[in-house]
Every structure is written in structure tokens, then in C-alpha cells.
Amino acid sequence: RMKESRFKKLDSCLTSKEAKEKLDNLEKEVEEMESRIEKLQSNADLVTPEEKKKINKMHDTSTLSWRKRKRLCMNALDSILESWPKSKKDLLEEIGIDTDESVGISMPKK
């Protein structure tokens, strides 16, 4: 048994050639990543101020639309709930609506 376990242990280890190949691949991968990091660090202005302003404006507009649509939907659901005999959760399940909270999404802060 001892010999079997030792054999399995030795058999699962990499040979010197395999280890050398793996080391070479990992060193090559590290070099590629380091060169990529250098490129990213040297080019600090990846997004121009105009692009950043445009992106922020689009984000704000989208967030505002999201809030508005959510409020309208919840108002409609609340109106239906007034005459609904079951709970809000049952209504949402019956209609097939997933809320932001039920899928783990939180609305961005203002």
C-alpha cells in the first residue's frame, strides 16, 4: 500500500520537461501582462474629457429614465394591488415581473 500511494504521488507530479515547459509558458504570460500594464500606465488619458462628459450625461439620462419607468410601473402595480386578494409577491409572480431587488440590482445613487 505504501508503495502504491508513493507511486500515485510520483505519477501525478510533473516531469522535469513538463515543469520546464509550464514555467516557460508562465514566464511568457507574465511578460505579456507586464507589457500590457506598462502600455496602460503610460497612456493615462484613455478617455478624453469630452468623451467622459458624454458618457456621464448618457448615464445620468439612462438612470433618470430607469427611475421614471420604475416609479410608473410600481404605481400601476399598487393600483392593481388595491383590488388584488393576495400579496404583492404573488402578483409579481403571477404577472412574471422581476423587480430590481429580486434580481439583486440596486439603482445608482443620484
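Predicted model: local features only at pLDDT ≥ 70, side-chain atom pairs only at ≥ 80, totals over all residues.
User: Why are H3 and H4 called roughly perpendicular?

Analyst: Angles from 65 to 115 degrees count as roughly perpendicular. The crossing of H3 and H4 is at roughly 110°, so the two helices are roughly perpendicular to each other. As for handedness, the crossing of H3 past H4 is right-handed.

User: How do you know that H3 and H4 meet, and which residues are involved?

Analyst: Contact means heavy atoms within 4.5 Å. On the H3 side you'll find Met-74, Leu-77, Asp-78, Ile-80 and Leu-81, and they meet Lys-88, Leu-91, Leu-92 and Ile-95 of H4. Sorted by class, this contact has seven nonpolar residues and two charged ones, with no polar residues.

User: What makes up the largest nonpolar core?

Analyst: Five residues: Met-74, Leu-77, Leu-81, Leu-91 and Leu-92. To belong to such a core, residues have to be buried and joined through side-chain atoms within 4.5 Å. Both H3 and H4 supply at least two residues here, and H3 has the largest share, with three.

User: What else does Leu-92 touch, if I skip its neighbours within four places in sequence?

Analyst: Leu-92 is in contact with Leu-77, Ile-97 and Thr-99.

User: Why is Thr-63 called buried?

Analyst: Look at its relative accessible area, which is 9%. Buried means under 20%, so Thr-63 is buried. You'll find Thr-63 in helix H3.

User: What makes Lys-53 exposed?

Analyst: Lys-53 is in helix H3 too, but its relative accessible area is 65%. Exposed means over 50%, so Lys-53 is exposed. Between Lys-53 and Glu-101 there are 29 Å from C-alpha to C-alpha, and the pair is 48 residues apart in sequence.

User: And how do you know whether Lys-89 is buried or exposed?

Analyst: Use the cut-off of over 50% for exposed again. Lys-89 has a relative accessible area of 65%, so it counts as exposed. Lys-89 sits in helix H4. Its C-alpha atom is separated by 30 Å from that of Thr-61, which is 28 residues away along the chain.

Methods. Residues numbered from 1 in each chain as written. Heavy atoms only, no water. Axes fitted to C-alpha atoms, helices over the stretch in contact; angles between N-to-C directions. Helix = DSSP H or I, 4+ residues; strand = E, 2+ residues; numbered from the N terminus. Parallel < 35°, antiparallel > 145°, perpendicular 65-115°, else oblique. Left-handed = near helix turned anticlockwise from the far one by under 90°. Nonpolar A, V, L, I, M, F, W, Y, C, P; charged D, E, K, R; others polar. Buried < 20%, exposed > 50% of the residue type's maximum accessible area, 1.4 Å probe, protein only.
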